[in-house]
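Please consider the sequence and structure shown here before reading on.

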Amino acid sequence: MILGTSFTYAQEKDPIVESIIKEANENSQLEHLAHELMDVVGPRLVGTPQMKHAHDWAVAKYTKWGILARNEKWGEWRGWERGITHVDMVSPRVQTLDGMQLAWNPSTTSAGVTAEVMALPGNIQDSTSFAKWLPNVKGKFVLVSMNQPTGRPDYNWEEYATEESFKKMKDDRDAQSKAWRANINKTGYNGRSIIAAIESAGAAGIVQSRWSRGFGVNKIFSARTKKIPTVDLELEDYGMLYRLAEYGDKPIIKVVAESKELGVVPTFNTIAEIRGSEKPDEYVILSAHFDSWDGATGATDNGTGTIVMMEAMRILKKLYPNPKRTILVGHWGSEEQGLNGSRGFVEDHPKIVDNVQALFNQDNGTGRVVRLSGGGFLHSYEYLTRWLEAVPEDIKKHIETEFPGIPGGGGSDYASFLAAGAPAFSLSSLSWDYWNYTWHTNRDTYDKIVFDDVRSNTILTAILAYKASEDPNRTSREQIILPTNPRTGKQRTWPTKRSPNRKGGID
Ligand SMILES: [Zn+2]
């Protein structure tokens with residue numbers, strides 16, 4: 001029996017904390033928000049109309065909840081919109097392939113480009129012989145990625161293969177990768193510059209497959225070609241074309257990629273705030289980037305961080321409408337190209353940054369928070385631990401704290417604030433195979449969201465924001481003396497503030 005414990009706990013119950021937990025559990029809007037953001041708005045690549053749609057959607061949502069919200073312009077970007085993409089094999093037989101055009105790639109006509117697919121030669125001697133061979137790419141689609149020997153991730157091999165065959169597969173793959181890199185090096189180009197050379201030589205298009213080491217999952221970034229289509233194909237579709245080309249079956253594919261160039265467009269952060277009643281010029285900031293890569297719908301990078309912050313704001317406005325300090329949420333644009341939105345905000349709002357009581361950022365997937373570091377602030381233990389005391393045990397027990405910790409360099413937007421000296425903290429999540437399966441992949445979708453964990457993060461965030469706002473004291477910003485870096489033997493230095501790229505993708 002734990003009656004004694006419950007009784008003690010009951011005596012200390014904070015009615016606001018209790019009501020936050022109840023609202024989050026019994027009237028959750030997370031599923032609805034996730035549906036609207038991921039299913040209706042979709043991917044949120046900087047400079048796309050969908051990104052602007054997301055900003056307008058968030059402002060409308062906050063307005064409906066009675067929270068002041070605005071879109072703040074911080075820069076401009078190359079405007080681009082993804083259109084219909086079809087990649088079909090039309091010879092030696094017809095098969096629709098699982099692939100997509102890469103971001104900012106120019107479009108084809110609606111008739112598409114139909115051409116034979118070829119692989120790079122496997123035994124390049126040197127740059128001179130490669131230059132002689134290069135005209136062969138004219139009018140062809142060129143396969144530029146290594147053909148993976150297996151589409152099964154290592155964990156699957158580990159579970160089912162004999163020890164010997166698992167080891168053999170890995171050794172063979174390592175040798176193949178090494179040979180692949182050496183072969184590319186002999187061309188006189190690297191993996192990136194060879195694309196431009198192939199394009200200049202008159203290729204019809206580039207076909208790549210950037211496997212993310214999970215079943216059916218690829219990383220999707222931007223294209224390196226200026227005029228011809230670049231598509232990424234799922235591992236086995238790519239492997240099939242590769243084998244057909246190598247065996248001399250002369251596969252032909254048709255690529256239709258109807259993207260649009262939209263000139264130069266403004267870029268924004270969405271900012272919303274619940275004004276403080278006693279100390280309106282001091283700020284508790286909730287932070288999550290709003291943009292995503294567009295291989296999928298950005299559900300865990302960073303749809304989940306986004307809905308955590310939105311739901312926490314909704315709950316706080318409903319149950320704690322007159323906070324002592326101002327509670328501000330930042331939904332940053334263009335984090336993926338270098339923390340641009342948050343760096344813009346830090347540069348444009350020095351007074352707010354100087355008066356940050358605490359900032360909480362979440363940006364590594366759908367998992368429940370399992371780590372909280374003091375980020376190199378000497379006295380962070382004192383206030384963070386005190387605020388955490390109000391968090392229910394079933395949430396708190398998963399969180400490993402690290403004090404005073406060391407400041408994070410640039411993984412996500414809290415780093416923009418931390419570099420300016422503001423006490424900014426990362427709520428770090430359990431992985432749920434984030435790095436392989438969802439981060440910047442074509443499979444970062446709604447079905448990967450673990451709503452119980454996201455709900456737990458919402459409760460944690462709302463309670464931390466409430467406690468930080470109510471704290472009788474301003475938080476200390478005193479920094480630790482940083483330790484030496486064991487690799488270089490030099491003393492670490494505090495990360496320095498950096499300016500955003502305010503004009504992206506425009507040559
Ligand atoms: Zn992210």
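The points below move from the whole chain to its domains and then to their contact.

The structure is a predicted model. Its protein chain contains 17 helices and 17 strands. The radius of gyration is 25 Å, close to the 23 Å that the globule rule gives for 507 residues, so the chain is as compact as a globular protein of that length.

**Overall fold**

- The C-alpha trace of the protein chain spans about 80 × 55 × 50 Å along its principal axes.
- Buried residues account for 46% of the 507 residues in the chain.
- Of the contacts between residues at least 6 apart in sequence, 85% join residues at least 24 apart.

**Domain organisation**

- The domain assignment gives domain 1 as residues 13-80 + 263-470.
- A distance of 37 Å separates the C-alpha centres of domain 1 and domain 2.

**Contact between the domains**

- Across the boundary, 13 residues of domain 1 are in contact with 13 residues of domain 2.
- On the side of domain 1 that touches domain 2, at least two residues come from β1 (68-81), and at least two come from α16 (434-438).
- By class, that side of domain 1 comprises 4 nonpolar, 5 polar and 4 charged residues.

Methods: Residues are numbered from 1 along each chain as its sequence is written. This is a predicted model: local features need pLDDT of at least 70, side-chain atom pairs count only at pLDDT 80 or more; totals for chains, interfaces and linings use all residues. Helices (H or I, at least four residues) and strands (E, at least two) are DSSP runs, numbered from the N terminus. The radius of gyration is taken over C-alpha atoms; the globule rule is 2.2 Å times the number of residues to the power 0.38. A residue is buried if 20 or more other C-beta atoms lie within 10 Å of its own, exposed if 12 or fewer, and partly exposed in between; C-beta atoms are placed from the backbone. Two residues are in contact if their C-beta atoms, placed from the backbone, lie within 7 Å. Domain bounds come from an automatic or database domain assignment. Ala, Val, Leu, Ile, Met, Phe, Trp, Tyr, Cys and Pro count as nonpolar, Asp, Glu, Lys and Arg as charged, and the others, Gly among them, as polar.
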